[in-house]
Amino acid sequence: MTPTMKVDGGGHERPELAFLLPSLRGGGAERVLMDLAIEAAGRGAAVDMVVVNQDEAVQTDLGPLVRLVDLERSRVAFALPALVGYLRKSRPRALLSTLEHTNVLAVLAGRLARPGPARRSEGRTRVVVREANTVSEDLAGPKGRFVRGAMRLAYGAADAVVAVSDGVARSLMSELGLDERRVRVIYNPVLTRRVYAGAAEPLEHPWFAPGRPPVVLGVGRLTEQKGFDTLLRAVARVRATVPCRLLLLGEGEERAALEALAGELGVAEQFAMPGFAANPFAYMARCGVFVLSSRWEGLPNVLIQALAVGAVAVATDCPSGPAEVTDGGELAALVPVDDVEALAAAIEAALLDAAGRRELPAGWRERYDVEAVTAEYLAVLRGDSPTTDRLPTR
């Protein structure tokens, strides 16, 4: 008996490609796969977006061509029978998943859903997993060791592994023992029409009115990874010499701790966290300085987008991504992770430098352009020869 699932939209009965996510709750990984799905569907592929559960979804704009399949399971750990049932019924040519637990689920379901001898002519689903974080940093501690063990087995059995940066690829090879010939580096398709259109939209926020102090902007989930506590301490120092305000766009478990820290530092009136923003690009285009304060990343989408819409930027030189994105610090100041003094100095210098915007070099935008990146993903998903020769380097 096939487990129940909910199917909405799309004009096809059988997909060529399926994209797997735990939810549509607003993270960078979710947005990347949604943009890939929309672009692939626009090129004529029959595409399904499969989610473990779409409750509390904040990103649902898949367009008319992508079919949404909701497995209606409360957690990834409970979704295996439903995903196996979907793969056996729909038989997509390829399945792309992202995020560690979902990747393990995808590989296991792909193995269990393989057709038996009577249906072998129908072919099996090619499973490709995408890794967006630096494994050595993201999965530290005893629990992390268990997850790494599951990843080592699953990623080794996947048909292909995509790393979003050279740093992530090196981490996969060193932490999981993957052969470099099985790992493809494909940057994220985060420069879309939506980014540039969003940057041009008006911004109705009083802090961005003419004559107001400049705004230091951070964008991301309010988690320990993003280092917003360090950013808050740095901005408190900057305010001793340069008037400014700090605005963070995002939600997460660190909200209460950040609010308490702002009170301790005496900057609560100059600090705001309005929550998740569907259009952060209008803020990026108008901020005094955009800051990526992360302790680790895979490839920082928001830093790419901020630079693309003209923001002056400062970033931590964390593993991994900021050094690659900024061409080794040529396009934005890089500072050590968790160094409050260095971050404050870089923010102050950016706010005082009226000519701080740096020209992006030729070809930089194309690295992250949705059309170019989708072509690379389609080649991997279809098992074709890669469209670029970008391979990880140790």
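Predicted model: local features only at pLDDT ≥ 70, side-chain atom pairs only at ≥ 80, totals over all residues.
Residues are numbered from 1 along each chain as its sequence is written, and side-chain values use heavy atoms, with hydrogens and water left out.

Q: Why is strand β10 described as largely enclosed by the rest of the structure?
A: A residue is buried if its relative accessible area is under 20%, exposed if over 50%, and partly exposed in between (1.4 Å probe, protein chains only). In β10 (residues 245–249), 5 of the 5 residues are buried, so the strand is largely enclosed. Arg245, Leu247 and Leu249 cover one side and Leu246 and Leu248 the other, and all of these are buried. Strands are DSSP runs of E with at least two residues, and helices are runs of H or I with at least four, numbered from the N terminus.

Q: Why is the crossover from β9 to β10 called right-handed?
A: A crossover is right-handed if, with the strands pointing away from the viewer, the path from the first strand over the helix to the second runs clockwise. The chain passes from β9 through helix α8 (residues 228–238) to β10, and this β-α-β crossover is right-handed. A right-handed β-α-β unit is also made by β10, helix α9 (residues 255–265) and β11.

Q: What makes β1 and β8 edge strands?
A: The open sheet of 8 strands has the order β1-β4-β3-β2-β5-β6-β7-β8, with mixed pairing. Each of β1 (6–8) and β8 (183–185) has a single partner strand, so one side of each is left without a neighbour in the sheet. For β8, 3 bridges join strand β7 (residues 160–163) to it, and the two run parallel. Among the facing residues, Ala163 has Val185 in β8 as its bridge partner.

Q: Why is the pair of Tyr187 and Tyr368 called tilted?
A: Rings of Phe, Tyr and Trp (its six-membered ring) pair if their centres lie within 6.5 Å, and planes under 30 degrees apart count as stacked, over 60 as edge-to-face and the rest as tilted. The centres of these two rings are 5.4 Å apart and their planes stand at 45 degrees, so the pair is tilted. Tyr187 lies in the loop between β8 and α7 (193–200) and Tyr368 in the loop between α13 (340–352) and α14 (370–382), 181 residues apart.

Q: How do you know that Tyr187 is buried?
A: Tyr187 has 8% relative accessibility, so Tyr187 counts as buried. Tyr368, with a relative accessible area of 0%, is buried as well.

Q: What makes the pair of Phe208 and Tyr283 edge-to-face?
A: Their rings are 5.6 Å centre to centre with 80 degrees between the planes, which makes the pair edge-to-face. Phe208 lies in the loop between α7 and β9 and Tyr283 in helix α10 (residues 281–286), so the pair ties together parts that are 75 residues apart in sequence. Both Phe208 and Tyr283 are buried.

Note on methods. Pairing = 2+ DSSP bridges.
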